[in-house]
Amino acid sequence: PDKETENLVAADLGDAPTRSPRCYPRTYMGACGSKRAPNVEERSERLHEFFGATIDCEVRPSGLGSAEALAQDAEHGKAAPSAAAPAAAEGGPCVFEGMQPAGINARLSQGALSPEDLEIQRTELKEAAKLIDSMGARGEEAAILAPAEKDGCKYELAINWESSHVALVTQKMQAVPLSMLECVALVREPDLIPLPKWPGLPRIERIALVHEFTPNNVVYHVSIEPWGPFPGCDSVCCAVGFVRTDESGKACVGFARSPPEDEQEVHRGWSVLPKQKRRTRMQVDGCAWVVAPSAEEGKVDVTIFMKTRIPIPHWLVPPALVRWVTPKVFRRILPLLTADKNKEPFRARVAADDRGWYTAVKKQLGLDVADEDTAAGSLAASPPDEGFAAAIRSYDWDAAERLATTAQQKADLSDSRKRVKALEAAVAAGRQQDALALAISPAEERKVRNYFKSKLAASSPRGFFDPAADYPTPRDVPAAA
């Protein structure tokens with residue numbers, strides 16, 4: 001409450017003592033908030049987790065520069081913030097210095113992007129700092145706390161309510177059995193993530209990368225079907241990824257948010273996907289994530305901070321239901337992301353690496369062949385020579401077998417053969433969705449879609465993977481046909 005309101009309340013209560021205004025937003029208080037607001041130490045810890053040693057100061061939330069707030073700190077024996085604190089809180093030079101745009105070997109403070117893209121990505125980091133600074137309490141102090149565990153991997157979901165339709169969500173996963181590069185591939189190739197149907201649980205209908213501004217700045221589309229009393233929803237988010245390379249150690253960090261409300265049709269020259277039927281468009285105000293090596297060798301820790309608007313008021317979200325659903329969903333999703341058989345399509349795309357983006361990311365993360373050999377099943381493979389990759393892309397298995405000289409290339413060849421065999425079986429059985437899930441390149445996806453759409457495909461004498469077979473879409477087929 002503001003000072004005037006407190007004085008009015010105090011007058012009604014007689015001589016009851018008044019207390020000075022709290023330094024954090026009112027939205028954390030009361031039934032809509034967590035049990036308590038995060039203190040300065042918590043905010044600073046979270047910012048260090050994301051930005052690393054590039055932030056070396058006590059970060060104060062916005063509005064704490066008043067004389068009254070400083071006097072309150074002095075009363076509790078806290079030192080005044082350093083002069084560098086505002087710059088860090090607002091995303092100053094110290095924030096940019098330790099960041100490299102993912103797949104682009106140049107620090108964000110030095111450029112390597114167009115001036116417009118550079119300014120946009122710097123702005124996104126500033127917004128990430130503000131988001132992390134504003135998050136509610138974690139752990140037992142959260143409004144809703146839902147822990148889970150499977151195979152030594154610990155998960156914690158904490159939800160606070162900024163208002164009736166705005167949720168502050170923190171997710172923390174420890175000892176996830178993935179490598180850093182595997183996590184990068186999961187984020188970069190979301191269409192390869194298996195999306196199963198579970199009776200009685202909400203189903204994600206689609207996760208797709210639908211546009212690219214720069215190699216490290218892309219757009220995702222996520223769609224979730226209706227579940228119980230809750231409506232279906234979809235979301236469009238622009239994400240930017242970085243590799244943190246300061247003395248705190250290597251880490252992959254990123255930030256995503258929906259286009260501004262006044263750019264729901266066209267954003268940065270790109271036509272935003274329209275809202276799907278029977279789906280509510282969710283507005284993600286910000287989502288920051290950090291992936292860092294875990295204390296357990298060969299595993300990673302993942303932390304996600306998200307602020308999002310939900311289509312229903314918070315009082316329609318039963319905490320008991322969240323605590324019941326979360327462990328069930330987590331225990332089913334984790335094996336889908338970490339099982340070796342589900343990594344094969346990701347390995348194939350990383351091995352193909354048509355633009356050399358994954359090679360640049362591996363250099364940023366300090367990965368080499370030695371790192372690959374010590375991590376079983378890792379995606380951190382040495383880049384294949386162009387002839388081998390071309391043979392794989394053209395399904396010339398004999399040529400690929402002759403060109404395969406390393407153990408990783410031989411494994412990639414075996415995986416590719418299995419994948420193509422499964423893809424052919426799915427096409428022959430008429431399972432279009434399964435076939436699309438196994439397609440790993442735009443050309444393959446186009447051929448699968450055209451195969452099922454075209455009336456000519458069913459009677460075509462050519463094999464599906466005949467390089468000359470490029471089945472037309474229906475609008476390309478003459479009316480007579």
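**Helix packing, pair by pair**

Start with a contact. Arg419, Leu423, Ala426 and Val427 in α14 meet Glu444, Val448, Tyr451 and Phe452 in α16. Contact here means heavy atoms within 4.5 Å. By class, the residues of this contact of α14 with α16 are 6 nonpolar, no polar and 2 charged. For the classes, Ala, Val, Leu, Ile, Met, Phe, Trp, Tyr, Cys and Pro count as nonpolar; Asp, Glu, Lys and Arg count as charged; the others, Gly among them, count as polar.

Now the ground rules. This is a predicted model, where local features need pLDDT of at least 70 and side-chain atom pairs count only at pLDDT 80 or more, while totals for chains, interfaces and linings use all residues. Residues are numbered from 1 along each chain as its sequence is written, and side-chain values use heavy atoms, with hydrogens and water left out.

The overall picture, briefly. The protein chain has 16 helices and 13 strands. These are DSSP runs, numbered from the N terminus: helices are H or I with at least four residues, strands are E with at least two. Of the 481 residues in the protein chain, 47% are buried. Buried means under 20% relative accessible area, exposed means over 50%, and partly exposed is in between, with a 1.4 Å probe and protein chains only. Take the contacts in the protein chain with a separation of 6 or more: 58% of them join residues 24 or more positions apart.

Back to the first pair. At what angle do α14 and α16 pack? Helix α14 covers residues 407-428, helix α16 covers residues 442-453, and the angle is about 20 degrees, with the axes 12 Å apart. Axes are lines fitted to C-alpha atoms, for helices over the stretch in contact, and angles run from 0 to 180 degrees between N-to-C directions. The two helices are therefore roughly parallel to each other. The cut-offs: under 35 degrees is roughly parallel, over 145 roughly antiparallel, 65 to 115 roughly perpendicular, and the rest oblique. The crossing of α14 past α16 is right-handed.

Buried residues in α14 include Gln408, Asp412, Ser416 and Val420. Asp415 is in this helix too. Is Asp415 buried or exposed? Its relative accessible area is 15%, so Asp415 is buried. Beyond its neighbours within four places in sequence, Asp415 is in contact with Glu344 and Arg347. Asp415 and Pro345 are 70 residues apart in sequence, yet 8.2 Å apart in space, C-alpha to C-alpha. Just after α14, Gly430 has a positive phi of about 80 degrees.

Next, α7. Helix α7 (residues 180-188) packs with helix α10 (residues 357-365) at about 140 degrees, axes 11 Å apart. This crossing is right-handed as well. Met180, Leu181, Val184, Ala185 and Arg188 in α7 meet Trp357, Tyr358, Val361, Lys362 and Leu365 in α10. The contact divides into 8 nonpolar, no polar and 2 charged residues.

α7 also has helix α9 (residues 340-352) as a partner, at an angle of about 90 degrees, with the axes 10 Å apart. That makes α7 roughly perpendicular to α9. Leu181, Glu182, Ala185 and Leu186 in α7 meet Lys343, Phe346 and Val350 in α9.

How many of the residues of α10 are buried? The count is 8 of 9, so α10 is mostly covered. Its buried residues pack against β1 (99-101), α7, β7 (232-244), β8 (251-257) and α9. Just after α10, Gly366 has a positive phi of about 75 degrees.

Ala175 has a positive phi of about 60 degrees, although it is not a glycine. Ala175 sits in strand β4 (residues 166-176), and at 5% relative accessibility Ala175 counts as buried. Asp151 also has a positive phi, near 55 degrees, in a residue other than glycine. Asp151 lies in the loop between β2 (144-150) and β3 (153-163). Asp151 is exposed, with a relative accessible area of 66%.

How values were computed. Left-handed = near helix turned anticlockwise from the far one by under 90°.
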